[in-house]
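Dear colleague,

Please find below the structure that I am handing over to you. My findings follow directly after it, arranged by topic.

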Amino acid sequence: MSQPTPFIITPPADLLKDHPPIKGMAESLSSAYASHKLVEEKHLQAMGQALWDALPNGAALEAAKQAAGQQALPIIIESDHAAILTLPWETLYHPQYGFLGRETGFSLSRRNPTIKVRLPDVPCEPLRVLLFTSLPDDLTELERLDVEAEQAAVQEALMKQEQAGEIVLEMPDDGRLDTFRASLQHFQPHLVYLSGHGNFTHEHHNQQAYGSFLFEDAIGRKQEVSETELTACFQNTQVQLLVLSACLSAKQHPNYPHNGLSAALYKAGIPHVIGMRESVFDKAGIQFAKALLETLGKRTTVDVALQQARNAITQPLKEAGGYKESSNPIRTEASYGQWCLPQLLSHDLKQGLVDWGFTPQPRKRAELKTLLGQISVPEQFRGRRRELRQWQNRLRSEQNSLLITGIGGMGKTALANKLLQGLHKDGYQTFSFSLRPEHDWQNVLLDMELALAEDEGAYKKYELIQRKGLDEAAQASYFLKFLLARYGGKLALFFDNLESVQDGKFPHAVTDPTLQHWLQAAQQLTTQGLKLILTSRWRLPDWAEAAHYPLGKPVYGDYVAMVRLKGLPLNGARLQTAYETLGGNFRALEFFAEATRHMSVKEEQAFIAALDKAADDSQTDMALAKVLEQRHAGEHALLHRLLAYQTAVPLTGLEVLWEEPSPPNPLSRQAGEGGQDDWAVLQRLLAVSLVEQFTNPYSEETEYQLAPLVRSWLLANGAPDPSLSMLQTAAEFLLWQLEERQNTTWEHQLSTHAALLAANLTEQGQRLVLDWIIGPLTMAGMYRTLLDDWLPPLAEADNQQIKGEALGQIGKQYLHIGQYDTALDFLKKSLAIQQEIGDKSGEGTTLNNISQIYDARGDYDTALDFLKKSLAIQQEIGDKSGEGTTLNNISQIFKARGDYDTALDFLKKSLAIQQEIGDVAGLCATLFNMGHIHLQNEEVAEAVQAWVTVYGIAKQINLANVLQALESLAGNLGLPGGLQGWEMLAKQMAEK
């Protein structure tokens with residue numbers, strides 16, 4: 001439908017000269033708003049009637065209105081005089097039609113005909129809305145805006161269209177200028193709703209006037225941003241409409257053209273700019289926001305939507321339940337005259353925000369999550385804005401520890417993770433411990449030990465302390481001190497679900513003595529800069545009050561955000577009732593929404609009454625139980641199968657379990673559904689939050705996992721344990737992923753090992769240790785860890801090949817720490833087994849390792865004999881990798897004897913084999929040794945060439961031990977800055 005021809009009003013340039021009272025009336029009206037005095041309809045009518053009487057073409061309006069028919073007639077105030085455009089034209093009053101700025105049969109906007117700009121193209125895609133709010137902490141109490149209520153109103157207004165895929169809403173969780181800039185560039189919104197405080201400054205001495213907006217700085221204080229700087233943010237964007245929900249954002253000084261926020265941004269080429277001419281109460285602003293965006297979401301033009309929004313705030317405080325100072329009748333009544341403050345500057349009223357001809361894609365209900373180790377956290381953080389900034393600022397300054405407590409489902413983990421992300425951005429190395437019973441938190445200690453092993457000097461000191469036999473508490477303290485130093489004082493630890501290891505009775509002490517030692521050590525080191533974040537249902541004994549945050553009920557807007565993002569079937573009064581009944585519990589809301597989806601009104605009321613009587617910490621369980629009760633047999637069967645996995649897996653991991661028989665489940669009370677599609681069953685479980693889905697950052701595949709709360713509830717309420725067959729199928733799938741290199745992360749290796757042992761697949765678990773775990777730990781120099789924790793069980797293996805290899809590895813670790821007699825003893829035991837069972841490959845490797853003992857003792861002849869025997873076996877069986885290593889080791893015997901030419905010949909043979917088979921690590925070792933031979937022969941250029949090649953390879957695949965060796969070597973060669981010197985040489989050689 002085509003739009004009516006606008007009725008353009010061009011006030012005469014001498015209007016104020018010919019009608020002097022108008023200027024005084026406008027200034028009086030502005031002063032009344034500034035001082036929050038009562039502005040009544042009679043005052044606005046007097047102003048509007050004076051403006052109408054001053055116009056020469058009033059009689060033509062009737063004809064234009066007649067021509068518009070049933071459509072709203074656009075009225076445009078057009079002028080290039082700042083003094084004319086500053087007048088309160090929204091109050092324009094017609095004797096017959098009344099206020100033209102709020103009557104539904106009209107729309108009223110402004111335009112400067114001298115400003116000609118190229119407007120952005122109108123895209124054919126969903127409407128992207130950026131709701132950006134700024135609320136600095138150093139505002140006075142009277143200045144504080146209810147941004148949470150405004151966000152809730154906007155989300156409610158757009159929820160239906162967003163779920164239908166017609167609108168995409170973005171709401172950043174802080175109000176910094178940098179965040180605003182980034183949101184404009186990355187999100188590329190079509191509609192920007194900027195809410196906060198505006199200022200207008202008139203500098204008489206400089207003869208200039210300008211507007212500004214208050215953003216938040218890095219720690220949440222006011223940062224005043226001028227109209228010039230704000231305008232620059234919109235370069236290279238496709239914003240069609242900017243709404244400045246800020247006081248004085250449409251203010252203009254009559255003596256200067258294009259001054260003020262709205263005018264400056266309009267001049268910059270934004271098609272439509274809405275601003276507030278004076279100070280507006282936040283209750284009125286909230287009503288305005290909801291009405292405007294709700295109408296725009298229905299594909300209405302900007303001017304018509306604004307007209308309806310003005311009409312919605314005719315009496316906002318009476319309709320919204322009163323102002324926060326509703327006991328003051330004058331302040332309440334003063335709000336009645338605020339409908340005329342929103343002002344629209346528009347270049348072309350016909351320009352829409354988007355072309356609505358696209359095919360919308362309804363929003364998927366299931367929300368992706370991410371795994372922080374084994375900790376499940378939402379990819380998008382919702383709400384808790386004030387708490388987040390408060391603790392972010394405190395953790396960045398004087399606060400080094402924080403315990404967040406509260407009942408399950410309130411968002412403790414999500415808030416802690418967000419704080420941890422902030423620390424990570426500040427340069428902190430972070431380690432996260434999941435203390436749920438199904439997770440082994442000591443695996444994270446292994447990660448930390450691997451990290452410390454990258455600092456060879458610190459790790460040797462730690463090993464020395466371990467050998468001193470200090471108690472566990474002292475070892476933990478020293479370890480964390482070394483790790484803190486390793487990261488330059490920037491280390492953060494996160495312990496999640498601490499209640500899993502606390503006594504349920506007051507004072508809730510930690511029951512795991514090892515963990516208690518680590519927590520105490522970490523607490524002591526917070527005085528040296530270590531950051532410690534914990535979550536629990538209960539406060540720890542003697543925990544400092546200043547470092548404790550009991551997480552309370554979230555604001556209603558956070559609840560609405562969750563409903564919007566998850567697409568839950570709740571809105572209006574039902575959502576408000578759920579919010580009040582459940583005390584703001586997020587997880588309880590998810591289950592409540594699904595539990596009540598098909599209930600009658602009477603059933604829902606009874607259920608709400610039961611929840612209301614229940615204790616806070618049992619409401620989630622009650623809602624979850626109701627959701628599970630409504631599941632069909634096929635859904636229960638899949639939930640039962642998912643108990644076999646304690647880590648997230650891709651769809652193929654679920655498919656291998658779908659074929660496994662599932663025993664009858666006593667929790668299933670619904671009849672089965674014949675011919676169920678397994679994918680449809682999974683989707684239903686995702687939709688009701690019983691299963692979570694994640695994006696694997698390495699494979700970029702979607703992965704699935706039983707929600708931790710659901711797992712705990714099922715196991716505590718009689719769900720049968722997975723069968724051994726099912727556990728074995730799950731473990732074998734994880735092993736297949738590892739072997740096929742679909743997931744080779746350290747976390748996956750440890751999870752797979754644990755799954756194999758739980759499924760009684762002991763031999764496969766032992767093989768995994770030998771093939772995957774020993775190598776990285778050996779390269780990291782963690783010989784004691786291998787000797788104490790990993791290798792002893794393998795030395796008792798029933799499988800003789802595994803036992804022989806394990807004994808050999810034990811000998812190798814003793815060789816590394818210089819205990820040659822013990823090493824030789826274990827290697828001989830290994831050799832005897834390998835010769836007995838005919839394990840030629842293992843025999844060759846062990847002979848090679850034995851040679852290294854004699855080499856270390858200076859018995860080169862014996863060492864060479866063992867190496868020759870090893871080489872013969874490897875050549876016999878075609879073990880190219882072993883042959884390359886042995887040739888390398890033979891070269892070192894000749895080097896030690898001073899026969900550099902022979903040593904170089906063997907290295908060249910080794911190098912050729914390693915290049916042939918692509919043995920990158922072996923290649924580095926051989927080239928490294930060749931460099932030393934060239935240096936001994938005074939062939940410096942050849943030596944440097946070999947080492948630069950090693951640097952390029954080691955840097956590309958991050959061979960830490962090789963890079964450390966190069967760093968040490970750089971100092972001996974006089975190269976500047978360790979590895980920087982090798983980088984400099986690499987660039988110079990590349991240029992040649």
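A residue is called buried here if its relative accessible area is under 20%. By that criterion, 56% of the 992 residues in the chain are buried. Please bear in mind throughout that this is a predicted model.

Overall architecture

The chain contains 42 helices and 24 strands. Taken along the principal axes, its C-alpha atoms fill a box of roughly 115 × 75 × 55 Å. Of the contacts between residues at least 6 apart in sequence, 72% link residues that are at least 24 apart.

An open sheet is formed by 5 strands with parallel pairing, in the order 18-19-20-17-21. At its edges lie strand 18 (429-434) and strand 21 (548-550), each of which pairs on one side only. On average, and ignoring direction, neighbouring strands of this sheet are turned by 15 degrees against each other.

Within the sheet, strand 17 (residues 401-405) runs parallel to strand 20 (residues 531-536), and 5 bridges join the two. Leu403 has Leu534 of strand 20 opposite to it. Helix 15 (residues 412-425) packs on the sheet, where it touches strand 17, strand 18, strand 19 (491-496) and strand 20. The direction of helix 15 makes about 170 degrees with that of strand 20.

Ser401 also belongs to strand 17. Is this serine buried or exposed? Ser401 has a relative accessibility of 14%, which is under the 20% limit, and therefore counts as buried. Setting aside residues up to four places away in sequence, Ser401 touches Leu395, Thr526, Leu532, Trp543 and Ala547.

The nonpolar cores

The largest nonpolar core comprises 179 residues. The members that touch the most other members are Phe431, Phe433, Met448, Leu493, Leu589, Leu690 and Trp982. For Leu493, the contacts beyond its neighbours within four places in sequence are Phe431, Phe433, Met448, Leu480, Ala522, Leu530, Lys531, Leu532 and Ile533. There is also a second, separate core of 69 residues, which includes Ala50, Ala64, Ile77 and Leu92.

Phe482

Phe482 is located in helix 18 (residues 472-486). Because its relative accessible area is 16%, below the 20% limit, Phe482 is likewise classed as buried. Not counting residues up to four places away in sequence, Phe482 touches Leu452, Ala458, Lys461, Tyr462 and Ile465. Phe482 and Ser891 are 409 residues apart in sequence, and their C-alpha atoms are 37 Å apart in space.

Which residues bring helix 40 and helix 41 into contact? The axes of helix 40 (residues 940-957) and helix 41 (residues 960-973) come within 10 Å and cross at roughly 145 degrees. The crossing of helix 40 and helix 41 is left-handed. Helix 40 contributes Trp947, Val950, Tyr951, Ala954 and Lys955 to the contact, and helix 41 contributes Val962, Leu963, Leu966, Leu969 and Leu973. By class, the residues of this contact divide into 9 nonpolar, no polar and 1 charged.

With kind regards

Key: Residues are numbered from 1 along each chain as its sequence is written. This is a predicted model: local features need pLDDT of at least 70, side-chain atom pairs count only at pLDDT 80 or more; totals for chains, interfaces and linings use all residues. Side-chain values use heavy atoms; hydrogens and water are left out. Two strands pair if DSSP finds at least two bridges between them. Helices (H or I, at least four residues) and strands (E, at least two) are DSSP runs, numbered from the N terminus. Axes are lines fitted to C-alpha atoms, for helices over the stretch in contact, and angles run from 0 to 180 degrees between N-to-C directions. Contact means heavy atoms within 4.5 Å. A nonpolar core is a set of buried Ala, Val, Leu, Ile, Met, Phe, Trp, Tyr and Cys residues joined through side-chain atoms within 4.5 Å. Buried means under 20% relative accessible area, exposed over 50%, partly exposed in between (1.4 Å probe, protein chains only). A crossing is left-handed if the near helix is turned anticlockwise from the far one by less than a right angle, and right-handed if clockwise. Ala, Val, Leu, Ile, Met, Phe, Trp, Tyr, Cys and Pro count as nonpolar, Asp, Glu, Lys and Arg as charged, and the others, Gly among them, as polar.
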